[in-house]
Number of protein chains: 2
Amino acid sequence: MLILVFNFFRALSLSYKKEICVHKVLFLPHNKEIRVKDGESLIRAAMEAGVHINASCGGEGVCGKCRVIIEKGKVDGGISEKLNKEDISKGYRQACLSAIISDIVVRVPIESEIDAGVLNMQSTPRRAALIKEINLEDLKEKGLFIPPVEKKYLKLSEPVAQNNRPDVTRIVGYLRKNYNKHHLEIELPVIRKAPDVIREKAFKVTATIANPVHETGLTRIINIQPGDTTDSNFAIAMDIGTTTIYGQLIDLKTGSVLSSYGDFNPQISYGEDVISRIVYAEKPGGLEKLHNVVIQSINKIIDRIIKHADVNADDISAITLAGNTTMTQLMLKVNPKYIRRSPYVPAAALYPPIKAADLGMNLSDHVTALVYPNVSSYIGGDIVAGVMGSGMYLSEEITLYMDIGTNAEIVIGNKDWLACAACSAGPAFEGGGIKFGMRATTGAIEDFSIDPFTLEPMNITIGNVRPKGICGSGLINMVATMFEMGIIDNLGKFNHELDTNRIRQVDGVYEYVLAFAHLTRIDRDIVLTEPDINNLIRAKGAMYSGGMTLLEEVGLSINNIDRIILAGGFGSFVDLEKAMIIGLLPEIDPDKIIFIGNGSLMGAKISSLTNRIRKDVVEVARKMTNFELSETASFMDNYVASLFLPHTDINLFPKLKARIEARKKGGGFENKVKSP
Amino acid sequence: MLILVFNFFRALSLSYKKEICVHKVLFLPHNKEIRVKDGESLIRAAMEAGVHINASCGGEGVCGKCRVIIEKGKVDGGISEKLNKEDISKGYRQACLSAIISDIVVRVPIESEIDAGVLNMQSTPRRAALIKEINLEDLKEKGLFIPPVEKKYLKLSEPVAQNNRPDVTRIVGYLRKNYNKHHLEIELPVIRKAPDVIREKAFKVTATIANPVHETGLTRIINIQPGDTTDSNFAIAMDIGTTTIYGQLIDLKTGSVLSSYGDFNPQISYGEDVISRIVYAEKPGGLEKLHNVVIQSINKIIDRIIKHADVNADDISAITLAGNTTMTQLMLKVNPKYIRRSPYVPAAALYPPIKAADLGMNLSDHVTALVYPNVSSYIGGDIVAGVMGSGMYLSEEITLYMDIGTNAEIVIGNKDWLACAACSAGPAFEGGGIKFGMRATTGAIEDFSIDPFTLEPMNITIGNVRPKGICGSGLINMVATMFEMGIIDNLGKFNHELDTNRIRQVDGVYEYVLAFAHLTRIDRDIVLTEPDINNLIRAKGAMYSGGMTLLEEVGLSINNIDRIILAGGFGSFVDLEKAMIIGLLPEIDPDKIIFIGNGSLMGAKISSLTNRIRKDVVEVARKMTNFELSETASFMDNYVASLFLPHTDINLFPKLKARIEARKKGGGFENKVKSP
């Protein structure tokens, strides 16, 4: 069993997605080299390498500040009216407009001594989490593939007077004899179809069977089709998020995703967050309304992914759904009213298999909807799905699982124990409560660097267009970079002495100008304010202290964490080193941090592929000990201690501490201070 | 285990319904005494005792022939215009109008020597089968009561911050701890109700749980109600007959029937028998129509029995239904078209539990409909239910089970083996194909005796009114009596030599006049014809030869039968001795014949009371070997040999043989022969 568990975890964890990086880029005079994929933007490569290039306009090419010289190799583009013929002939290009198409050597022009100071910046290179995906072949090789739904081809004998047993008995007998399937149950809709279907192609049929989760359970015959359709067997995995709903159509023969589609959760019209939706659900007809609109949206996604993959709807054999506790209850039309009232009690932890059509889903009568279990009102099926999909519940290693989205949830534990908590992190990571905060869409500054001497920014936006605002990952990068450079202190306050027009006070509030109005898409200066920084600190403080509190409750400390799994759209963009600088993540080897993307969808998918997960999930959901942080005595102390960059106890972040000490020893960046 | 089986059978078989017979009636000059219940009709008592009293008018009092003298004791009534004052003062009464209210001595006046001849008639006394019913207390005492649905009272703790697990988890936890219920599953409609219901009466609730049939199965929580409702837990048992539908409301705490209701199956409008209904079901929309009307009728019965018993519909926890294969498929909307086509294949043997509401039944969402399994196209769930309800499948004794209705089915076997067959008996037992045949309703001659000298009849009708026709039991009694008296021969032909105006030839067909027109309700002579007798002989021959064939197939003979179980409305009225005389039943000790009434309903009821039956039924249905008599070589020989009264081989009926020989030795009743 131990071997099985180990193998299972290996099967889950071994398949990282690797991008193929083909070109070498050497940055001079920094002498930093990185590899990038073909066609990568040069300014993004510089950011990745930790090379600062002034750039205010987000990468649209209008500020003209990101001039570099291509000393060797070739780039595509990079030429604009900001460069004259002479510049171009000398090899000058705009980094933001250049696509790397060969190995290159790039020189970042150093036009002053102050500029040269950036060479001494010991900035952390951009570091994203490793991406993990499920690999069905691995599961199969390890013998852990217990398909929840299978198709079996049956060549039945024709009834004669001497053997005229009932049609269904004939089917069941064949499955018993040829596929060793016992304890079979056949459902009424299948019985209704059986007599005509088995006679349609001369008693040759395909039976779809749902295998039991436990060996002692019943195998259910859920569908029957004329002829041999064993090649077409599909499932749907779906994540019902507060903001977005994602669906995937999965080929159960190969495990591959044939199509996927995401859409906003239309319940948004009735309330942005879970609490306002619960309030709406309590109004007369409110629950039905919220249930109906989410089912409509689910149906839209089902229709799209079926159409896009061009499969027969009758070949869809199962659907698995995961969502937070409130989304789950609204989808199932279970009134969530006690979720928002102390002591915050959800209706149920586990849900039985439910006929999808009974929920209003546009799926055949034979399709059963499996809904991920919840742990508590604020640790829902989406988190349980992530725990299952990530395989953390099978590992010896103590893992910190963080899902950062509209709400933030953390799970800590290993194969022996699991503790979890929801953090009232606030919406800062999604741009909420930030003056120019926005979701991670086109125009959001997502990456940032700063020249510690000139305080000129390097803004990179999603879509490489002039900036419209700041998204969560950009915010983290800004605050982390400014803190490490000494531009803000550990309380998140700007150094007012710095000699720049970018740091200013407006209506008594200090702010840093990321982009002046003419270089934005909103014709206003885009700024980062001290209250913005404070909101971020409170958000990251809630998460970090939540993790600390959980660990303390089980007698461990933050140093015991062996690895981190990040889930949620946010996790794909976060620069791990920066997240450690602000104290959002504990300081561990970045190789020990894995990103799984939409953990909820990943869990829904893996449940579609193997009953092993369906079997284990009941135990895992039971094992996950929920902590209501507001009821946990130590939480408030930990929280207050976390309201610093990175923390009151800098010793928890030894690498950062060493870098800061080195910077101070080297005299810091003192020439940037205003002349008195 | 053997002891369990034995006890179970004893529990099932020990409780016969006994009528309390309080009055002694002595008939003179016959010197025959019987006991009757208070208020019994005197003429019926005479019939019971085998005492012939002339009576043509069925018991309505208009023919005035049934004069008797009450020599001792008292009767109620018996006086009419047919008796003058002197008669009355001498103690004359009309037997058909007299109710027995004390011990009495009755003299039947013998007005001629011919009359006195009846004293020598060795007629068999009227003998009905013992009636068997289910007794829940017996089941409980024997430890065989495994209730399929139970109610449990739960005093839950109120959620607090330190214990805010989900509502349903709280319920499940309580059941685990206090009632040792594990492997629990709770259904979505219950989850939807739970949060509000448990808060309605301060976290005190009653959970309705459906116990698994197999120990390893899931216990399902199917309902939850505020407060303590454990006293109210009911089930419905229903028999879906081709002609009639019967429902019973059963108290699951006591096992008693609180109300019952029967109605015609409205599908009759679309076809009298199963074949014509199958033909109708094949028309466009036909299946839906037949399904809908039977569900409407089921709903009408459900509404009636719920209303009549004055129970809360939400306290109905289960429904069990049994019907023949075609009725079952029509009820479940499973096209029966292959049932009527060679090789006669039904859709299914076993049906899964089905949500009653999904079938259109007016029952709460939590009610599961259990449908009795079929064996073959013509051995349906009604027969399987009878086999289960009668307990014959648990007995060592070789039992012959006969269900005589629109169709006739027989099962032979014991705990080790079971063989069954449907007999194309034709509708004679229900009055079909008989010139004055009718169903057993008011005005049908149901009992009959004849004076072997005068050939005057003693007709007793249902309702004691002037006759309208002949029902099945009356027909058997007539043919048996006339055969034993020598009025008809073993081919069913009348002795044309007899000196009476009651035997006559009309249009070349011989017939016996049961009642002349003025004493009937139809103003026509009611007669029994030779073709009528021939139809009866063919019907009983089919059944008897069916039984013989089954026995031969398993290497046994008719002598191996230890006991007989009669099911079907018909069985309650049949005079066992008479049935043996015509060769419908083999000649065995009448004490070994048990009548269970509606076996289908009995089986549905017992399944509502104990899961033992639900567990066993799968194995029993599988064990029942179906014989298609038309495909069984020996059947035709057996059938032809059975087309005699009682059979070509009179040695199969030794008691009858002895009586006939004794009659002949005594000279028979020769004085009745016409003078040449």
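Which residues touch the most other members of the largest nonpolar core? In this predicted model, where local features need pLDDT of at least 70, side-chain atom pairs count only at pLDDT 80 or more, and totals for chains, interfaces and linings use all residues, they are Ile319(A), Ile410(A), Val479(A), Ile319(B), Ile410(B) and Val479(B), out of 411 residues in that core. Residues are numbered from 1 along each chain as its sequence is written, while chains are lettered from A and ligands numbered from 1 in the order in which they are written. A nonpolar core is a set of buried Ala, Val, Leu, Ile, Met, Phe, Trp, Tyr and Cys residues joined through C-beta atoms within 7 Å; buried means that 20 or more other C-beta atoms, placed from the backbone, lie within 10 Å of a residue's own.

Leaving aside residues up to four places away in sequence, Ile410(A) touches Leu400(A), Met402(A) and Leu550(A), among others (contact: C-beta atoms, placed from the backbone, within 7 Å).

The axes of helix 6 (residues 167-179) and helix 7 (residues 188-200) of chain B come within 9 Å and cross at roughly 85° (axes are lines fitted to C-alpha atoms over the stretch in contact, with angles from 0 to 180 degrees between N-to-C directions; helices are DSSP runs of H or I, at least four residues, numbered from the N terminus). Helix 6 of chain B is therefore roughly perpendicular to helix 7 of chain B, a term for angles of 65 to 115 degrees. Helix 6 of chain B contributes Asp167(B), Val168(B) and Ile171(B) to the contact, and helix 7 of chain B contributes Ile191(B), Ala194(B), Pro195(B) and Ile198(B).

Terms used: Buried ≥ 20, exposed ≤ 12 C-beta atoms within 10 Å, placed from the backbone. Contact = placed C-beta atoms within 7 Å. Helix = DSSP H or I, 4+ residues; strand = E, 2+ residues; numbered from the N terminus. Parallel < 35°, antiparallel > 145°, perpendicular 65-115°, else oblique.
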